[in-house]
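Q: Could you walk me through reading a few features of this model?

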Amino acid sequence: MPSTTAAFAVKALLCSLLLSLINFAAASPQQWKQWTCDELTPNLCELQVESGSVTIKSIPVHYWRYTRKKNDDGNKNDDNQESYQSMSNSNSSSISNSIIALQGGPGWPHSYLLPLKQLACRGDTAEVIFYDQAGCGESVPYANTTATVSNTSADTTINDAASSVKDQYPHLLDPIYYSEIELPTLIHHWKLQRYHVLGHSWGTILAQLFALNYVNKHNKNTTVEGFNTKEEGLQSLILSGPISNAQAYISAQWNSADQNNLASLPPFVQHRIHALEESKAYDSMEYKAIDSVLSTFFTLRTAPPPDCFGDSAAGVNEEVYVGMQGASEFTISGVLGDLDLTSRLPELSVPVLLTHGKYDTMRPSTVKAIQDQIPISERVMFPHSGHVSMIDDAGLMNDVVASFIHRVEEGVEIGGMNEGETTKAAAAADGTVEEGDAVKDSPSHSWTWIKVVTAFLAGLVIGELKIGRRRNGYGYTSIV
């Protein structure tokens with residue numbers, strides 16, 4: 001009997017050890033999967049999506065329209081959901097509140113913008129529309145085949161087609177195509193009556209060109225490529241990480257009076273960046289290492305990156321990106337190198353919301369200069385964000401955008417004293433406040449340097465794990 005008891009005890013011990021090993025393996029870092037953009041987006045409800053495509057200049061442009069699922073009981077916050085109903089007429093069966101999202105890049109797919117789909121939760125008649133601009137993601141040219149491109153073959157097709165973009169698809173290197181042909185064609189296809197355009201980075205350039213060149217010019221009936229182009233439905237612009245003057249944007253990054261830009265880096269690092277830029281050593285290991293680390297400072301501060309950012313990086317069109325932006329990550333030398341829309345900004349006739357991150361590559365002085373030229377505008381700085389605020393400050397950004405759109409739809413005055421209402425949610429997080437044109441930052445210099453050092457060490461680790469850098473096909477990058 002004692003031997004039986006001992007044998008049972010041994011078996012129990014072995015089982016316990018086995019269970020411990022199983023639990024350890026399950027909790028092992030090797031088993032961890034990256035964060036998802038859905039889990040970092042607060043108050044995300046159950047959504048339904050309608051997808052489709054429109055062929056424009058021989059390229060199928062794919063889109064996705066997100067709306068709140070009917071009779072949805074799965075929202076994470078029913079109280080908040082109820083308060084959002086005022087954004088639109090929840091008793092209507094038709095869409096009355098369309099938000100069109102324009103991604104950055106150029107040549108980057110829309111996926112990293114997906115936290116913005118939460119805006120579709122804020123009313124039964126609200127929708128958020130994403131699309132991959134021609135040449136990237138799922139909207140790639142047919143490369144020696146007439147077959148439709150699938151997700152699994154997208155990378156191969158992009159690579160096959162990239163070498164011929166300049167020769168076969170030169171319009172992909174022309175901002176006018178995206179702002180005056182592609183976007184209006186899609187709006188016509190969607191049959192939108194009223195809509196808001198939300199652009200990020202390069203997408204803000206498209207939004208400005210669309211409003212200035214297309215909407216203002218086509219307030220009367222004309223015909224472009226066979227359809228009526230009367231578009232009077234633009235209600236507002238939301239410009240996130242905006243750029244109107246390429247050289248002003250670059251200069252602001254090296255302004256020594258700014259605490260959170262390239263000029264705040266240690267002198268040796270600045271020296272090496274300048275030296276590598278002068279020698280155009282963009283493919284050197286040193287340049288790639290610097291770019292990889294600094295991207296965690298100023299571009300995407302959510303590290304490691306969530307799935308939707310990696311999905312975008314996997315579908316980037318390198319030739320379009322470099323052709324428009326240039327090979328450098330610290331200057332602009334491509335098609336956009338001489339961009340300057342500043343003098344035309346007073347022509348904007350709709351309300352404009354300007355947003356940027358505290359650590360954004362688009363510095364406060366740059367955004368302030370844009371705001372000063374726009375007749376009806378508000379400006380918000382998000383306290384935790386680099387350039388990709390819709391990921392770094394997903395909840396705050398959605399709240400601010402929703403508040404702005406609601407006030408536009410209700411006819412509430414935009415700008416002036418009302419600006420404080422818009423900035424209140426963002427300011428509450430860490431004491432960063434904008435009062436009119438003033439920006440007050442509460443963190444001390446010592447805390448700033450602690451954050452910089454921490455981000456630098458995190459960037460080194462990420463670089464070693466090869467999660468960094470656009471040209472490696474995955475990870476952090478400057479999205480201009």
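Q: Is P175 buried or exposed?
A: Burial is judged by relative accessible area: buried is under 20%, exposed over 50%, and partly exposed in between, with a 1.4 Å probe and protein chains only. P175 has a relative accessible area of 14%, so this residue is buried. Bear in mind that this is a predicted model, where local features need pLDDT of at least 70, side-chain atom pairs count only at pLDDT 80 or more, and totals for chains, interfaces and linings use all residues. Residues are numbered from 1 along each chain as its sequence is written, and side-chain values use heavy atoms, leaving out hydrogens and water.

Q: Which residues does P175 touch, setting aside those up to four places away in sequence?
A: Contact means heavy atoms within 4.5 Å. By that rule P175 touches W202, L206, L209, M324, V335 and L336. P175 and L209 are 34 residues apart in sequence, yet 8.3 Å apart in space, C-alpha to C-alpha.

Q: What is the strand order in the open sheet of eight strands?
A: Strands of a sheet pair through backbone hydrogen bonds, either parallel or antiparallel. Strands here are DSSP runs of E, at least two residues, and helices are runs of H or I, at least four, both numbered from the N terminus; two strands pair if DSSP finds at least two bridges between them. The order is β1-β2-β4-β3-β5-β8-β9-β10, with mixed pairing. β1 (47-56) and β10 (377-382) stand at the edges, each with a single partner strand, so one side of each has no neighbour in the sheet.

Q: How many bridges join β9 and β10?
A: β9 (residues 352-357) pairs with β10 in the parallel sense over six bridges, and L353 stands opposite E378 in β10.
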